[in-house]
Amino acid sequence: MQPPGIFGRKAYTRRDTLRLSLGGALAAVGASGGRASGEPSASRPSEETVPVESPIQTRMFWTWDHSTEWKLNCPGAQTIGACNYYSRTTEWFEEDYTRLLEFCGRHHIDAVVIWGLLRDHHGGVESAKRLCEAAARNKVRLLCGVGLCVYGGVYYEGDSPYSLDLRLQKHPELKAVRASGAPLEFRSRVYGNRTYYHACPSRKENQDHVAESLEWLFKNVPLDGVQIESGDTGVCECKLCRDRRRHPVGKFSWEDMALLHPMAIEAVRSVKPDAWIVCETYSHPEPHAGPDEHPGFGGGKTAWADECLAGIPDGVFIEWVYDQLGKGVPKRVWTQAGNLDNTRHRHIMRAHLGTYWAGTRGEPALDGIAEMARESMVHGADGLSLFGEVSPFHTGAELNYLGLENLGSPANPKADLDVFLREVAAPLLGGESNARDYLRYAKLKHQPSRIPDGLKAIYSRCGSLPPQAARRWAWLGNFLASFVYRENA
Ligand SMILES: [Zn+2]
């Protein structure tokens, strides 16, 4: 079955709505223990009766291959990073993502973006094809993360003509350069000590390579789409690029996006006309008002962003950064000046909640997810994207994922956290009062002196709860205890 066009309304059936509002417990218990027999199927076409419109239309997971760990108790998963080396096996790579895709199929997560999808280390094209089959079985769309000028290109790592790294090693004359003329380098800052180079976006050879690579990708791997990025680790400052641009640049350039994305979109659609294409902006929709000439990652939209977006073909998703990552940066106010025009494009808000980029990996982040859903609906975005790297065995991640499913759905159209706690979290955590306590206790991470008393209350209630609810409370206890643990203390 072909996925509907991106402007097609997602058909939530009456049964789906009922399940979302009343049966979250059953689905989520299955989520932590593999596919549960007799569990309601999220999207069986024969069950469709009267479609119910969802305020949030599209939900996505965003992942790097190296940090995704859904098959537990196998070594090698990493906990943060971008462009890391890969340290698990092909078998575990496929198992990690198969479990993730099964969860998505059960919980209305429509698409999964994988960065590092094509690597020789974990099976290259063949394992990617098997994941496409797993995605299709679960009616989830698999999207490849593709850096157009950086981040490895189409074939992230390996012996392929579509590996951008290999190509730039063979053709150093095609590299992007700094104003000094030296090659523009990007060093992976968390794992490894590797240097990455960028391609100059103005060079015709590089533009042709972007198009050729994407056409090859869609002819050889049955993907549902791509997330494309022009690069946020510095821009080329060669004469061609400087003469082309009319506006300031930062670590990224809206004008580079406006140059490259239309070519990439055309190439993808020449092979797969109905592909889902997500265009990353590295920006928040609120107009940039800071003193800097050009904002950084997650900063406001520049004054020339709209004219750049005007050149992006109709029907793609525009992806925005919801959260700011800087420590101590005050929360942004999203005003009507930042409303999104959804007549030609649809808009996705993406956040780093529940990760080390913005806090602690796997921690509950329901307040932020609910707020993101509410603000998105008010300002014209109908898509949400969260990191999906952590197994829902970790209850914080499980609650976040179920929040992504529920908040802004037909069962909770106002993205009301109380509704989520009452109808989805309560059956998992031993009742509504316990569900409220759970989120309250989770915040003790920020008040270590109160954690010991919190642990007494948490562990004491485990004995009176059913096993799966007790397991979730035990997870919270150990999560909090890790912040105050000292040997022999
Ligand atoms: Zn250049």
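The legends below describe views of a predicted model, in which local features need pLDDT of at least 70, side-chain atom pairs count only at pLDDT 80 or more, and totals for chains, interfaces and linings use all residues. Residues are numbered from 1 along each chain as its sequence is written.

**View 1. The chain as a whole.** The chain holds 15 helices and 12 strands, taken as DSSP runs numbered from the N terminus (helices H or I, at least four residues; strands E, at least two). Of its 489 residues, 49% count as buried, a term that requires 20 or more other C-beta atoms, placed from the backbone, within 10 Å of the residue's own.

**View 2. Helices α3 and α4.** The axes of α3 (residues 90-106) and α4 (residues 124-137) come within 9 Å and cross at roughly 20°, the axes being lines fitted to C-alpha atoms over the stretch in contact, with angles from 0 to 180 degrees between N-to-C directions. The two helices are therefore roughly parallel to each other, as angles under 35 degrees are classed. On the α3 side, Thr90, Phe93, Glu94, Tyr97, Thr98 and Leu101 meet Ser127, Arg130, Leu131, Ala134 and Ala135 of α4, where contact means C-beta atoms within 7 Å.

**View 3. The surroundings of Ala77.** Ala77 lies in the loop between β1 (58-64) and α3, and counts as buried because it has 20 C-beta neighbours inside 10 Å. When residues up to four places away in sequence are not counted, Ala77 touches Ser67, Glu69 and Arg88. Ala77 and Arg88 are 11 residues apart along the chain, and their C-alpha atoms are separated by 6.6 Å.

Key. Parallel < 35°, antiparallel > 145°, perpendicular 65-115°, else oblique. Contact = placed C-beta atoms within 7 Å. Buried ≥ 20, exposed ≤ 12 C-beta atoms within 10 Å, placed from the backbone.
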